[in-house]
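Thanks for making time this morning.

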Amino acid sequence: MQIPSNLYMAVVLYESSSSRPDYQPLYEETFMLIIATSIEEATKKALDYAKKAHATYLNDQQEEITWKFKHLVDVNTLLYDSFEDGTELYSRHFYNYDAYIQFELNLKDKPDAPSDAKPKT
C-alpha cells in the first residue's frame, strides 16, 4: 500500500508520578504517527499531542497517579514510502546491549538475556 511522503514517527517519553511518598516513577515510551508537511511541523505537532496527553486518575489503592510528558526523544520520516507485511516503521541503533537489556523489561525473561538481567528466583 502506497503511503504519502508526509508521514513521520515521533518517539515520546512520558513519566508517572503519585501522591504516595515512596512511589517509584514508571516511564512509557510511545511511537506516534504524525502527518505533516515538514520535520519542523511534525515536531511541533508531536509536542502538542504529547503535552495534551496529560492524565490524572486514582488507582486501585486510591492513590492519585499522574502521567505527563517528559521528553520528545525523536521525530523522523518513516523509513519506507510503502506499507507491506513486515515493513519497518522506525529503527534506532545502540552500542551497549547490556544497558538495553536492563532497560527493556520484555527481554529480561528471555533465554538469551544476560544472566544479570533475568529476574531473581
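Asn-59 is buried in this predicted model, because its relative accessible area is 16%, and the cut-off for calling a residue buried is under 20%. A polar atom of the Asn-59 side chain lies 2.9 Å from the backbone nitrogen of Glu-63.

The two strands on either side of that loop form a hairpin with five residues between them, and in the turn Gln-62 has a positive phi of about 65 degrees. β3 and β4 run antiparallel and are joined by four bridges, one place to look being Tyr-57, whose bridge partner in β4 is Ile-65. β4 also pairs with β1, residues 7-18, in the antiparallel sense over 11 bridges, and there you can see Val-12 standing opposite Leu-72 of β4.

α1 covers residues 39-52, and its 14 residues reach 20 Å from the first C-alpha to the last, which is close to the 20 Å expected at 1.5 Å a residue. Within α1, Ala-42, Ala-46 and Ala-50 are buried. Seen down the helix axis, the buried residues of α1 fall within an arc of 65 degrees, so they line one face. In general, an α-helix has 3.6 residues a turn, so residues three or four places apart point the same way. The buried residues of α1 pack against β1, β2 and β4, whereas Glu-40, Lys-44, Lys-51 and Lys-52, on the other side of the helix, are exposed.

Key
Residues numbered from 1 in each chain as written. Predicted model: local features only at pLDDT ≥ 70, side-chain atom pairs only at ≥ 80, totals over all residues. Heavy atoms only, no water. Buried < 20%, exposed > 50% of the residue type's maximum accessible area, 1.4 Å probe, protein only. Polar contact = N/O pair within 3.5 Å; in protein donor to acceptor, adjacent residues only side chain to side chain. Pairing = 2+ DSSP bridges. Expected span 1.5 Å × (residues − 1). Arc of directions from axis to C-beta. Contact = heavy atoms within 4.5 Å.
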